[in-house]
Amino acid sequence: MELKAKVEALLFAWGDPITEKEMADALKVTALELRHAVNALKEDLSADDRGLRLVCVNDSYQLSTKPELFEAISEFAKKTRTKSLSNAALETLSIIAYKQPVLKSEIEEIRGVRCDQVLKSLERIDLIAVLGRMEIPGRPKVYGTTETFLRKFGLSGLEDLPKEEAIEETES
């Protein structure tokens, strides 16, 4: 398989900005090989018939929608806000609701998968919010639920969440 395709797949799956070194390590290629593949991908994506672009910010790369196409997809993007939540979103939201305040790394440890995109989606529809940043190296974000979360789930407060015993009974 062509390295350019692997780079594109990695950028798509990762979602967040990723450095050349991280990509080269992940794909087990040299920096020069990676740079050639990135440049070829960037050239391919610059064609008028492509909907994505390759953005480079602070030596990190990320795929994004071409700005001129935002209007064409914005109506759908608004509709997806009312779409039902995926299982991944429900799992992540449950962890945040019960463990808040909680770090992304704690959520990922519990779920066993990355959750960047799910967190962004839940933030975008105002079910969770960043409560602050932890005063440790990297100053990671601390997440919690919002008033919108309480309203959507018919709760007057977090104390109304089902207790662990009630959850275990429904599972058996």
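Select Asp44 and Lys4. Their side chains meet in a salt bridge, with N to O at 2.4 Å. A salt bridge here is a side-chain nitrogen of Lys or Arg within 4 Å of a carboxyl oxygen of Asp or Glu. Opposite charges on side chains can pair when the charged atoms come close.

This is a predicted model: local features need pLDDT of at least 70, side-chain atom pairs count only at pLDDT 80 or more, and totals for chains, interfaces and linings use all residues. Residues are numbered from 1 along each chain as its sequence is written, and side-chain values use heavy atoms, leaving out hydrogens and water.

Now colour the helices (DSSP runs of H or I, at least four residues, numbered from the N terminus). Asp44 sits in helix H3 (residues 31–45) and Lys4 in helix H1 (residues 3–14). The two are 40 residues apart.

Show the surface next. Lys4 is buried at 19% relative accessible area; buried means under 20%, exposed over 50%, and partly exposed in between (1.4 Å probe, protein chains only). Asp44 is partly exposed at 31%.

Move to Arg35. Which residue does Arg35 form a salt bridge with? Pick Glu20: the closest N and O atoms are 3.1 Å apart. Arg35 is in helix H3, and Glu20 is in helix H2 (residues 20–27). Arg35 is partly exposed at 37%, while Glu20 is buried at 19%.

Go on to Glu91 and Arg111. Their closest N and O atoms are 2.9 Å apart in a salt bridge. This pair ties helix H5 (residues 87–99) to helix H6 (residues 104–111).

Last stop: select Lys104, Glu108, Arg114 and Asp116. Salt bridges with shared partners join them into one network. The structure holds nine salt bridges.
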